[in-house]
Amino acid sequence: MHEQDIREILEAVRARKLAAGAAIERLKHLPFEDLGFAKVDHHRALRQGYTEVIFGKGKTPAQVAGIARAMLRPKRSRQNILITRADGKIFAAVRRLNRAAKFHELSGVITIERKRDLTGKGTILVVSAGTSDIPVAEEALLTARMMGNRTEHLYDVGIAGIHRLLEHREKLEQARVIVCVAGMEGALPSVVGGLVGVPVIAVPTSTGYGASFGGVAALLGMLNSCASNVSVVNIDNGFGAACVASCINRL
């Protein structure tokens with residue numbers, strides 16, 4: 001539930017277009033709804049500007065569907081539903097609830113898009129070093145879009161062929177926030193950070209050979225970046241990077 005939803009209810013009561021009892025019925029599940037196995041945070045958008053996102057990994061298809069059902073239940077709500085780290089079984093359960101559900105198999109993201117309002121001020125650019133990093137980059141891209149941002153992407157522009165990145169200097173300079181996804185040694189965010197004057201959110205991926213230690217090498221490289229406008233999220237956390245980018249883009 002967003003601030004505008006509550007405002008409309010209160011104004012309807014004041015104008016005597018909505019009875020107090022009906023208003024209470026709409027508000028009774030605030031601030032959260034207890035499903036037994038989960039407490040659905042209906043107040044998230046009111047507090048933070050974006051609705052609760054469902055993390056699919058470790059949950060059964062029935063549990064994910066139950067949370068999604070609770071989020072879809074308010075008839076007047078137009079909130080987008082975003083489910084990360086999902087699979088085909090979870091998608092099948094969710095699609096039975098809502099035929100508009102889409103499964104983005106590459107990233108493991110499920111979206112139910114019910115509004116396309118832009119709340120971000122500029123463009124969030126998602127950059128990936130290699131093709132193997134695209135699944136995490138796509139998670140970031142879809143998250144940013146579902147949170148009301150204008151987005152663009154730039155894939156496979158790692159430092160092994162730096163000319164591929166430099167060809168897109170104009171696009172880099174036009175972005176308000178950049179999410180930079182890289183595995184191996186994780187050097188790309190430092191290069192991007194040195195080219196722009198905006199926040200660069202670095203996402204280390206688990207892509208790499210044995211000594212990359214499942215993304216730890218990239219994580220440490222990014223934490224030691226010489227570019228002072230680079231910050232870092234956890235390994236493979238495209239969602240978290242997009243969330244922070246969205247908050248910055250609304251400032």
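Mentor: This model is predicted. Helices are DSSP runs of H or I with at least four residues, strands are runs of E with at least two, and both are numbered from the N terminus.

Trainee: Which strands and which helix each supply at least two residues of the lining of the largest pocket?

Mentor: Strand 4 (81-84), strand 5 (102-104), strand 6 (109-112) and helix 6 (134-146). Helix 6 gives the most, with 3 residues.

Trainee: What makes a residue part of that lining?

Mentor: An atom within 4 Å of a pocket point. For the largest pocket, of about 580 Å³, 28 residues line the space. The closest to its centre are N80, K115, R145, M146 and M147.

Trainee: How many lining residues fall in each class, nonpolar, polar and charged?

Mentor: The lining has 10 nonpolar, 10 polar and 8 charged residues. Gly counts as polar in this scheme.

Trainee: What makes strand 4 and strand 6 a pair?

Mentor: The cut-off is at least two bridges. Strand 4 and strand 6 are joined by 3 bridges, so by the definition they pair. They run antiparallel.

Trainee: What is the strand order in the open sheet of 4 strands?

Mentor: The order is 3-4-6-5, with mixed pairing.

Trainee: Why do strand 3 and strand 5 stand at the edges?

Mentor: Strand 3 (54-55) and strand 5 each have a single partner strand, so one side of each lacks a neighbour in the sheet.

Trainee: Why is G161 called buried?

Mentor: Buried means under 20% relative accessible area. G161 has 7%, so G161 is buried. G161 sits in the loop between strand 8 (150-154) and helix 7 (163-166). From K39, G161 is 122 residues away in sequence and 47 Å away in space, C-alpha to C-alpha.

Trainee: Which residues of helix 10 are buried?

Mentor: A218, L219 and M222, in a helix that spans residues 216-223.

Trainee: How do you know where the buried residues of helix 10 lie around its axis?

Mentor: Look down the axis of helix 10. Its buried residues fall within an arc of 100°, so they line one face. Their cover includes strand 9 (177-182), helix 9 (188-195), strand 10 (200-204) and strand 11 (230-232).

Trainee: What about helix 9: which residues are buried there?

Mentor: L188, P189, V192 and G193. Down the axis of helix 9, the buried residues fall within an arc of 130°, so they too line one face of their helix.

Technical notes. Residues are numbered from 1 along each chain as its sequence is written. This is a predicted model: local features need pLDDT of at least 70, side-chain atom pairs count only at pLDDT 80 or more; totals for chains, interfaces and linings use all residues. Side-chain values use heavy atoms; hydrogens and water are left out. Buried means under 20% relative accessible area, exposed over 50%, partly exposed in between (1.4 Å probe, protein chains only). The arc is that of the directions from the helix axis to the C-beta atoms. Contact means heavy atoms within 4.5 Å. On a 1 Å grid over the protein atoms alone, a cavity is a set of points where a 1.4 Å probe fits but cannot get out, and a pocket is an open set with protein on both sides within 12 Å along at least five of seven lines; lining residues have an atom within 4 Å of a point. Grid points are joined across faces, edges and corners, and a volume is the space filled by probe spheres set on the points.
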